Amino acid sequence: MPGHALTQVLVHEPRMRWPIPNDLAATLTGRVVRSCERRGKYLIITFDHGALIIHLGMSGSLRRAPLDEPRRKHDHVEWLFEHARFLLHDPRRFGAVLWHDATDGSVLEHPLLAKLGIEPFDPLFTPAYLHDRLRGKTQSIKQALLAGHIVVGVGNIYASEVLFRSGIHPQTEAGALSLNRCVRLCADIRQTLEDALTSGGSTLRDYVNATGEPGAYFELHAAVYDRLNQPCRICATPIKRIIQGQRATYYCPKCQRKLYPRN
DNA sequence: CTTTAACCCTGGAGGC
DNA sequence: TGCCTCCAGGGTTAAA
């Protein structure tokens, strides 16, 4: 919608992760969208006077809907243009809709964005960078990747998938990875995400496409994720499931060996 | 400073 | 059919 003006903004349910600003409609009505960007999993819709920051959390979706279609349960926000309408739908309300005023500096300096890791397809994301940022960390490599402070885009599914591809045990101390291991890991993060993009994403049950069509549903062909006790696709060893930081991790105990401590 | 546990919320799945 | 428990893709915050 860059170049188009909002005609109306309706907030039906402001109780999201943080309350949606009660003056959001006043802030946006009549304003022209300038660009639509992304940083990590945050969407950034820019205007001349600031930027809208949107996060979909775990259950959120943003779709273009017909102008006359009735609102459904959990459709919390509507953005209306002269000939278009967008709905934010989020049953669990883990998502967020925030306004960043241009007078507060670059939106990338917003507290939620400032400490995000590098984009995985940025040329600056290199084995040396990864190795340097992991150095000294006692945290597990799985949690270090998932945290998003080093590299963004690796969510809970892909953290397991990436480590399987790299042959790294998820409980490996992050700081114990050699530069050579980081060479492999860096490439496998990119390759795993690229494969996922090529196949249209790997969302599980709640996926709808940008127009809300339920038909566009992509089955995840995971190597390990959600495959507890099923045979490893490489060696047929039953896949294991553990909990790290309250999140499930899946791995093959044979293909992903723990590292021996090097003295 | 880094790391960990609790928490936000609804709904689907499975057991009884 | 209903009621219960468990689990879920994300990320912040307070506490250790």
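Chain A of this predicted model contains six helices and 10 strands, taken as DSSP runs (H or I of at least four residues for helices, E of at least two for strands) and numbered from the N terminus. The C-alpha atoms of chain A fill a box of roughly 65 × 40 × 30 Å along the principal axes. Local features need pLDDT of at least 70. Residues are numbered from 1 along each chain as its sequence is written.

Of the 263 residues in chain A, 25% are buried, that is, have 20 or more other C-beta atoms within 10 Å of their own, with C-beta atoms placed from the backbone. Leaving aside residues up to four places away in sequence, Val154 touches Leu145, Leu146, Ala159, Val162 and Ile189, contact being C-beta atoms, placed from the backbone, within 7 Å.

DNA strand B is surrounded by residues including Lys73, His74, Arg92, Arg93, Lys137, Gln143 and Gln246, where near means a C-beta atom, placed from the backbone, within 6 Å of the strand. The residues of this surface divide into two nonpolar, six polar and four charged, with Ala, Val, Leu, Ile, Met, Phe, Trp, Tyr, Cys and Pro counted as nonpolar, Asp, Glu, Lys and Arg as charged, and the others, Gly among them, as polar.

Key: Chains lettered and ligands numbered in written order. Predicted model: local features only at pLDDT ≥ 70, side-chain atom pairs only at ≥ 80, totals over all residues. Buried ≥ 20, exposed ≤ 12 C-beta atoms within 10 Å, placed from the backbone. Contact = placed C-beta atoms within 7 Å.
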